[in-house]
Amino acid sequence: MTHALVSTGLDHLPFPTVVIIGGGFAGITLVQKLVHKPLKVILIDRNNFHTFQPLLYQVATGSLAPDNIGFPFRRKISNMSNVAFRKAEVESIDPQEKTVITSKGVFSYDYLVLATGSKTNFYGNSQLEKNAMQLKSISQALDIRSAFLQEFENAMYLQDNERMAALNFVVVGGGPTGVEVSGALAEIRKNILTQEYKEVGVQQMHITLIEAGPRVLSGFSEKSSEVATEYLEEMGVRVMVNHRVKKYNGEKLVLEDGSELLTKTVIWSAGVMGGAVEGFPKETYTKNNRLSTDAYLRVKGVQDIFAMGDVASVDTEPTGHPMIAPVAIQQAHWLSLYFQSLVQSQSIAPFVFHDKGSMATIGRNKAVVEFGPLRFQGLVAWYIWMFVHLVSLIGFKNRLVVLFHWAMKYFSYKNVIHLIVRPYDQKKSL
Ligand SMILES: Cc1cc2nc3c(=O)[nH]c(=O)nc-3n(C[C@H](O)[C@H](O)[C@H](O)COP(=O)(O)OP(=O)(O)OC[C@H]3O[C@@H](n4cnc5c(N)ncnc54)[C@H](O)[C@@H]3O)c2cc1C
């Protein structure tokens, strides 16, 4: 199939073209940093909006609406005279021709930046991939929201054992996402089930968090991990560490030790892999589908192509940097300086990541935060978590609305959004 060369509306500018694939934390930060620089900047993304992934779990559990954590690219770039946005799915790249092949046509570049993020890793288990739910995008978050609300409604028609299976929610993976989702489900059980589904006893809903390693939040200190486990157990979440999921057929989850759980809803947050697109030499891809780069974020084996964020595996680290937002943002800042140094023919020191800490929230007044040697937990950590997430959101209106939703939830003990407007059909989504 032949593809037409896409016009970007920036042809009148006498500057080199930088194509950025992906408007996540890395891509959108780089775009902002290259405004009014002597470069034509083309941002390509499959969505027409940026997603603030750290709050996806709140959309999935009905605390926030999708629009609160997304921001349209076109609004963001409307005043940027050297930036264009094109919505398209990138299929592959051709480093020889210096082109990007997309669902909408071909883009040519002088410099290419891959910022395509990551995707859920099921470690080759296709049955799990088919039946478990994921939390990487707004549409997946809405699927989870509809799925649990549908199960609540269905439970009204079921008798004891069937009802238990419908209300047995399993979260796999004890990283920050798994912990946050489990905590949010526990709050729903306490506040929503008891008030709005009174016929269903609260004891009939079970939340189980399964982690293959010896503790949850393995990237945090042992103390924070212990505190998080205590919080979860206090909230009625069953935490199973040192357990590995073997298979799940949509009804029954089987662990490696042979034990079984009947459940209709499994949320998989047990792994991510790079979202690299096709077209690079074979040796450029790491085992985890990231793109191997040098310390200058230059993708190995090709010319004038850079990678940043989750998709980049910088070779100064044995397995690349962690797949977290601060790495993506810092790399984008650094790459903007690199482009400026190229234009001005100056040299620049390689990228170095400055780790400012980690945080996870478990529920109302319950969070753990680590800034270097400083450790916070409970209410103080919860306030820090809320403040950091609020200021990191894109758009003043989003910040205001999220703050409003959080305040409403805090005082009313109710999640804000409880409509099944987009029914989830497991069979259809396979
Ligand atoms: C549920 C969840 C919770 C998280 N919580 C935290 C947290 O609390 N703290 C933290 O630091 N990190 C957190 N992370 C990780 C953090 O969100 C990522 O590290 C960060 O988003 C990486 O930024 P990125 O720019 O590399 O990729 P992304 O933000 O994933 O952006 C990638 C972009 O590329 C686009 N794209 C991908 N492939 C294509 C293609 N082929 N064609 C066109 N467009 C494409 C996507 O649409 C997307 O807009 C969380 C992630 C998830 C999923």
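The following questions and answers cover salt bridges in a predicted model.

Local features need pLDDT of at least 70 and side-chain atom pairs count only at pLDDT 80 or more, while totals for chains, interfaces and linings use all residues. Residues are numbered from 1 along each chain as its sequence is written, and side-chain values use heavy atoms, with hydrogens and water left out.

User: How many salt bridges does the structure hold?
Analyst: A salt bridge is a side-chain nitrogen of Lys or Arg within 4 Å of a carboxyl oxygen of Asp or Glu. The number of salt bridges in the structure is nine.

User: How far apart in sequence are the parts that arginine 46 and glutamate 89 tie together?
Analyst: Arginine 46 forms a salt bridge with glutamate 89, with the closest N and O atoms 2.9 Å apart. Arginine 46 sits in the loop between strand 2 (40-45) and strand 3 (49-51), and glutamate 89 in the loop between strand 5 (83-87) and strand 6 (90-94), so the parts tied together are separated in sequence by 43 residues. Strands (E, at least two residues) and helices (H or I, at least four) are DSSP runs numbered from the N terminus. The separation is 43 residues.

User: Which residue meets arginine 298 in a salt bridge?
Analyst: Arginine 298 is partly exposed at 34% relative accessibility. The N to O distance in its salt bridge is 2.8 Å, and the partner is aspartate 294.

Conventions
Buried means under 20% relative accessible area, exposed over 50%, partly exposed in between (1.4 Å probe, protein chains only).
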